[in-house]
Amino acid sequence: MRVKFLFITLALIGCFSALSAQITLSLADQEVDKGEVFSLDVNVTEFDSVVGMQFSMVWDKSVLTPIGVENYGLPDLMSSSFGIFEEALTVQWIDQSLRGVTVADDATIFTVKFRAIEATDSTVINFSNMP
């Protein structure tokens with residue numbers, strides 16, 4: 001049975017930038033089978049002169065199980081920047097230089113690995129400013 005995962009894009013409120021601009025986080029839609037391990041790139045746009053950010057990703061724990069985070073695409077972003085829970089991933093990052101970091105639009109800042117544990121027509125992963 002195929003499972004289609006639908007993901008939404010949301011402007012990140014919990015970021016600190018020299019210009020006070022909001023960045024946008026996004027995930028691509030994927031179709032995966034029950035039991036399949038898959039990776040989702042977290043991409044950004046308008047990531048200009050950002051000094052820090054904090055947010056959570058939240059999902060239905062009856063459908064997805066988190067496995068880990070990899071592919072760190074920001075300076076000073078590391079495993080200790082993440083908290084992995086059954087139904088959420090928390091992210092906290094600060095540019096240690098305090099000069100601000102700029103990355104190209106659609107750049108991947110990290111990748112999350114999941115296992116699809118339940119068959120469903122679709123599920124959503126939400127970005128939240130609530131840690």
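Trainee: Where is Leu-40 found?

Mentor: Leu-40 sits in strand S6. Bear in mind that this is a predicted model.

Trainee: Is Leu-40 buried or exposed?

Mentor: Buried, because its relative accessibility is 0% and the cut-off for buried is under 20%.

Trainee: And how far is Leu-40 from Ser-26, C-alpha to C-alpha?

Mentor: Those two C-alpha atoms are separated by 9.8 Å, and the residues are 14 apart along the chain.

Trainee: Back up a step. How many helices and strands are there in the protein?

Mentor: Zero helices and twelve strands. Read from the N terminus, the elements go β-β-β-β-β-β-β-β-β-β-β-β.

Trainee: What share of the residues is buried?

Mentor: Buried residues account for 40% of the 131 in the protein.

Trainee: Now the largest nonpolar core. Which residues touch the most other members?

Mentor: The core has 32 residues, and the ones touching the most other members are Val-42, Phe-47, Met-57, Leu-74, Leu-89 and Phe-110.

Trainee: Which strands supply at least two residues of this core each?

Mentor: Strand S4 (23–26), strand S6 (37–45), strand S7 (50–58), strand S8 (64–70), S10, S11 and strand S12 (124–128).

Trainee: Where does the largest share come from?

Mentor: From S11, which gives five residues to this core.

Trainee: Which parts does the pair tie together?

Mentor: Glu-86 is in the loop between strand S9 (82–84) and S10, while Lys-61 is in the loop between S7 and S8, so the bridge ties together parts 25 residues apart in sequence.

Trainee: Why would two such side chains pair at all?

Mentor: Side chains of opposite charge can do that when their charged atoms come close.

Trainee: How do Glu-86 and Lys-61 count for accessibility?

Mentor: Glu-86 counts as exposed, at 56% relative accessibility. Lys-61 counts as partly exposed, at 42%.

Trainee: Take Asp-106. Where is it found?

Mentor: Asp-106 is in the loop between strand S10 (88–94) and strand S11 (107–116). Asp-106 is exposed, with a relative accessible area of 56%.

Trainee: What is phi of Asp-106 near?

Mentor: Near 70°, which is a positive value in a residue other than glycine.

Trainee: What about phi of Asp-76?

Mentor: Asp-76 has a positive phi of about 70°, and Asp-76 is not a glycine either. Asp-76 belongs to the loop between S8 and S9.

Trainee: How accessible is Asp-76?

Mentor: Asp-76 is partly exposed, with a relative accessible area of 31%.

Trainee: I also marked Asp-95. Where does it lie?

Mentor: Asp-95 lies in the loop between S10 and S11.

Trainee: Is Asp-95 buried or exposed?

Mentor: Asp-95 is buried, because its relative accessibility is 4%, against a cut-off of under 20%.

Trainee: Last one, Leu-27. Where is its place?

Mentor: Leu-27 is in the loop between S4 and strand S5 (30–33). Leu-27 is buried, with a relative accessible area of 8%.

Trainee: How far along the chain is Leu-27 from Thr-111, and how far between C-alpha atoms?

Mentor: They are 84 residues apart along the chain, and their C-alpha atoms are separated by 9.8 Å.

Definitions and conventions
Residues numbered from 1 in each chain as written. Predicted model: local features only at pLDDT ≥ 70, side-chain atom pairs only at ≥ 80, totals over all residues. Heavy atoms only, no water. Helix = DSSP H or I, 4+ residues; strand = E, 2+ residues; numbered from the N terminus. Buried < 20%, exposed > 50% of the residue type's maximum accessible area, 1.4 Å probe, protein only. Core = buried A, V, L, I, M, F, W, Y, C linked by side-chain atoms within 4.5 Å.
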